[in-house]
Amino acid sequence: MTTDEQMKEIVRQKYSEIALQDKATNAASCCGSGCCSTEVYNIMSDDYSSLEGYNPDADLGLGCGLPTQFAKIKKGDTVIDLGSGAGNDCFIARQETGEAGKVIGIDFTPAMIDKARANAEKLQFNNVEFRQGDIEKMPVTANTADVVVSNCVLNLVPNKNGVISEIYRVLKPGGHFSISDIVLQGTLPATIQQAAEMYAGCVSGAVQQQEYLDMIKNNGFKNITIQKEKTITIPDDILANYLSADEIAAFRSGTTGIYSITVYAEKPADAACCPPGCC
């Protein structure tokens with residue numbers, strides 16, 4: 001049985017490798033996980049290149065949505081990006097906050113932090129910083145952020161409820177988040193669910209969509225909205241690493257769905273310091 005800490009270490013090692021790869025290598029794989037497909041495109045990510053603030057050196061092709069596009073960031077806002085990678089979403093958020101705002105990226109992979117800091121230095125951004133730490137225990141004081149964003153990261157974290165609780169803590173009352181993530185409808189085949197590499201590839205660590213939305217609601221968030229949804233189709237040559245031809249056919253004809261969703265939710269303006277039940 002793989003423990004939560006072992007799974008986190010698998011993810012850390014995989015994303016340390018990704019930090020040293022170029023985007024073309026990542027784009028040929030499943031969420032950058034290395035399970036390369038002959039269909040050379042990233043099966044998760046959306047195209048960032050048309051967004052203002054986009055920096056190609058910071059884009060590793062690892063996301064599953066465009067949360068910053070939907071995040072309603074205003075000039076002067078403080079924004080936190082969870083699982084900030086090489087800084088892509090942070091730099092786009094900084095375009096929205098302007099020089100009067102502040103952007104904090106959090107990532108638990110030292111190689112990603114180093115890469116993001118180097119990119120910020122090249123761009124000469126003095127209001128974008130990167131902090132190493134777990135997003136289940138953010139190195140951020142309570143009531144700091146106006147907006148929290150994240151792109152295809154919570155599905156990699158065993159304690160998803162802990163992350164959502166932390167988002168509530170670090171948001172100011174009246175603040176909000178916009179998060180892109182992978183969720184399921186139906187049950188994945190056991191061989192995929194148990195495969196560590198598919199976990200690092202953002203699929204087998206996903207939970208049921210309704211469970212995901214319920215966790216957000218149960219942590220005290222209001223006005224929960226799905227801003228965007230798209231179906232994720234895993235190529236057959238990736239599935240063939242885990243399933244027989246008959247199993248792939250059954251999977252394709254079944255009711256199980258893998259989706260990228262971008263979810264918006266607000267911390268109530270009259271909120272207490274932390275999620276319900278913590279005080």
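At 52% relative accessibility, Lys 74 counts as exposed, because the cut-off for exposed is over 50%. The model is predicted. It holds six salt bridges and one cavity of 30 Å³ or more.

**Salt bridges**
- Lys 74 pairs with Asp 77 through their side chains, at 3.9 Å from N to O.
- Asp 77, at 5% relative accessibility, counts as buried.
- Lys 102 and Glu 129 form a salt bridge in which the closest N and O atoms are 3.1 Å apart. This pair links distant parts of the chain, with Lys 102 in strand S2 and Glu 129 in strand S3, 27 residues apart.
- Lys 102 is partly exposed at 32% relative accessibility, and Glu 129 is partly exposed at 27%.
- In helix H6, Glu 166 and Arg 169 lie three residues apart, about one turn of the helix. Their side chains meet in a salt bridge of 2.6 Å, N to O.
- Glu 166 is buried, with a relative accessible area of 10%.
- Shared partners join Lys 102, Glu 129 and Arg 131 into one network of salt bridges.

**Helix H4**
- Eight of the ten residues of H4 (residues 88-97) are buried, so the helix is largely enclosed by the rest of the structure.
- The buried residues include Phe 91, Ile 92 and Arg 94.
- Among the elements that the buried residues of H4 pack against are helix H5 (110-123) and strand S4 (145-151).

- The largest cavity contains about 40 Å³ of space.
- Its lining consists of Leu 154, Ile 164, Ile 167, Phe 177, Ile 179, Tyr 212 and Ile 216. Helix H6, strand S5 and helix H9 each give two or more residues to this lining.
- By class, the lining has seven nonpolar, no polar and no charged residues.

Conventions. Residues numbered from 1 in each chain as written. Predicted model: local features only at pLDDT ≥ 70, side-chain atom pairs only at ≥ 80, totals over all residues. Heavy atoms only, no water. Buried < 20%, exposed > 50% of the residue type's maximum accessible area, 1.4 Å probe, protein only. Helix = DSSP H or I, 4+ residues; strand = E, 2+ residues; numbered from the N terminus. Contact = heavy atoms within 4.5 Å. 1 Å grid on protein atoms, 1.4 Å probe; cavity = no way out; pocket = protein on both sides within 12 Å on 5 of 7 lines; lining within 4 Å. Points joined across faces, edges and corners; volume = space filled by probe spheres on them. Nonpolar A, V, L, I, M, F, W, Y, C, P; charged D, E, K, R; others polar. Salt bridge = Lys/Arg side-chain N within 4 Å of Asp/Glu carboxyl O.
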